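Please consult the sequence and the structure shown here while working through each solution.

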Amino acid sequence: MEKQRYERPILKKLETGMPGKFGIAANLPPSTHIDGISVDSLVETYGSPVFILSEKTIRSVFKKAKKAFTTRYPKVQFAWSYKTNYLNAVCRIYHQEGSWAEVVSGFEYDKAIANGVEGQHIIFNGPDKSAVYLEKAIRNDSIIHIDHLDELYTIIELTEKCAKRPKVAIRVNMDTGIQPMWDRFGFNYENGQAWDALNKIMHFGKLELVGLHTHIGTFIMSPQAYGVAAQKLADLTIGIRQKYNHTIKYIDLGGGFASANTLKGFYYPGSDTNPTFDDYAEAITSALLNTQFTPDNLPLLILETGRALIDEAGYLLGTVIANKRLSTGKRTTIVDIGINLLFTSFWYEHKLTPARHYSQYTEATTVYGPLCMNIDVIRENVNLPLLNKGDHFVVHHVGAYNMTQWMQFITLRPKIVLIDEDGTAHVIRDNETIDNVMNMEHLPPHLK
Amino acid sequence: MKLKENIAISDSGYLFNPSTGESFIVNPLGMEVLQFVKKGKSFEEISREILTRYNVDPITFEKDYQDFIHQLRQYLLIGSDE
């Protein structure tokens, strides 16, 4: 006689509370496959944990974003935000789709060059640009987004040395009606700092002022804030034309669009409630079209969105290490994915799904990572099916920041695999070995 | 170990404790174990029965059984060992 499938016995206390107007499914469907490849076979082949990226999703989300803007505004350019995910394979997909590179460090600048991006299509952002890299950017005709006056004066010094006319923009921070107001990047709009910097550039005369940039924040849930930002940059653009008869070529609204992740503290899933590309596009392009710009002098609109483009394409596959209970009786599950790999679990309620079918019974569970640290919590409270030791699961929407901000803490970083549009898997970053780490260390003679 | 006599159990796996007003649900295997406990069967007897019919190893079942009993005890659905 064939034995029946086992599912551990559970007892679940029924809690009554205030009913919500909209129900949320208690039991999410399993994620058995990613782009046609079974999760179990991916784990078997590449180990656990392992990051998986879907090229098909990367390209389709990019096309969706591009369509949202280009159907509303005639001149749009995306610049891939390297810091969001600077794996070469990922960057090259975005460059194939037509994105420029937006970099914030010398390291990222070199990566963009190595990825074949033309110097003039690299936007150099960030507060820390060394003189060496500023010179490199000037010689390559890259666009430098000036963050502070010290940087402006360094560029002015380099102008003589390079005998070039650097292409620059200033970074403008401003009140867009949201909190927190990011005022650490660039020059303030309201108190006149921005005009002060623009006047210095225009009077010096040896820099080519090509654009205006802002980065109003991150995971902005209010598209209208971008409308305010676009309006204020348009005012500066028109003011410069009136005062200096100089045309600003582009307005760069930076990044900060929300992805489909759910921020901590939000009740309904981000996939249902967060603004869409169309929402952002409508706010930004309406603001620009409703200014004094005539159709023949509309500035190019540059967007540096990163998170909203790549989050959905990233998955992190993991394995259950153990189940146990806290002193309160609360179920906890320990998994092999910790905050060392899933940095974004500090601010998202990441969607977790099992890799196979279970019954409809679920338990409220706290999911801990494998680190010997109390802060290593992946989900404080999530309804999970009755996972057993060794079962696989999938963390969704992890494409942004986790593969750049991950930590080599007490263990080694895993492989990253890209599934191409034909459904073939490619390792695009090897797992670390202990030699990678040990080879960078040196012992003083008396400790050998 | 005895299930408290006033605990009401429906065939569909719904439990009601009239002393506290609390309600619970159990899954099908939980229901089976609960019925065995109600009949006063020992762990060895229950384990033998479950291992014969379900695809589970003895160690896993013992761990899950202890966890289940612990839950029953935590919610005051069973009395202390007599």
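Two strands pair if DSSP finds at least two bridges between them; strands (E, at least two residues) and helices (H or I, at least four) are DSSP runs, numbered from the N terminus. This is a predicted model, in which local features need pLDDT of at least 70 and side-chain atom pairs count only at pLDDT 80 or more, while totals for chains, interfaces and linings use all residues. Residues are numbered from 1 along each chain as its sequence is written, and chains are lettered from A and ligands numbered from 1 in the order in which they are written.

**Exercise 1.** Determine the strand order of the open sheet of 4 strands, and identify its edge strands.

*Solution.* Step one: the order reads E1(A)-E3(B)-E2(B)-E1(B), and the pairing is antiparallel. Step two: strand E1 (11–13) of chain A and strand E1 (8–9) of chain B each pair on one side only, and these are the edge strands. Step three: the antiparallel pairing of E1(A) with strand E3 (residues 22–26) of chain B runs over 3 bridges. Here Lys13(A) has Phe24(B) as its bridge partner, and Lys12(A) stands opposite Ile25(B).

**Exercise 2.** Follow chain A from strand E5 to strand E6 and on to strand E7, giving the handedness of each crossover.

*Solution.* Step one: strand E5 (residues 76–81) of chain A pairs with E6(A) in the parallel sense over 3 bridges, and Ser81(A) stands opposite Glu102(A). Step two: between E5(A) and E6(A) the chain passes through helix H3 (residues 88–96) of chain A in a right-handed β-α-β crossover.

**Exercise 3.** Describe the side of chain B that touches chain A.

*Solution.* Step one: 20 residues of chain B are in contact (C-beta atoms, placed from the backbone, within 7 Å) with 16 residues of chain A. Step two: E3, helix H1 (28–38) and helix H3 (58–74) of chain B each supply at least two residues of this side. Step three: H3(B) gives the most, with 6 residues.

How values were computed
Right-handed = clockwise from strand over helix to strand, strands pointing away. Contact = placed C-beta atoms within 7 Å.
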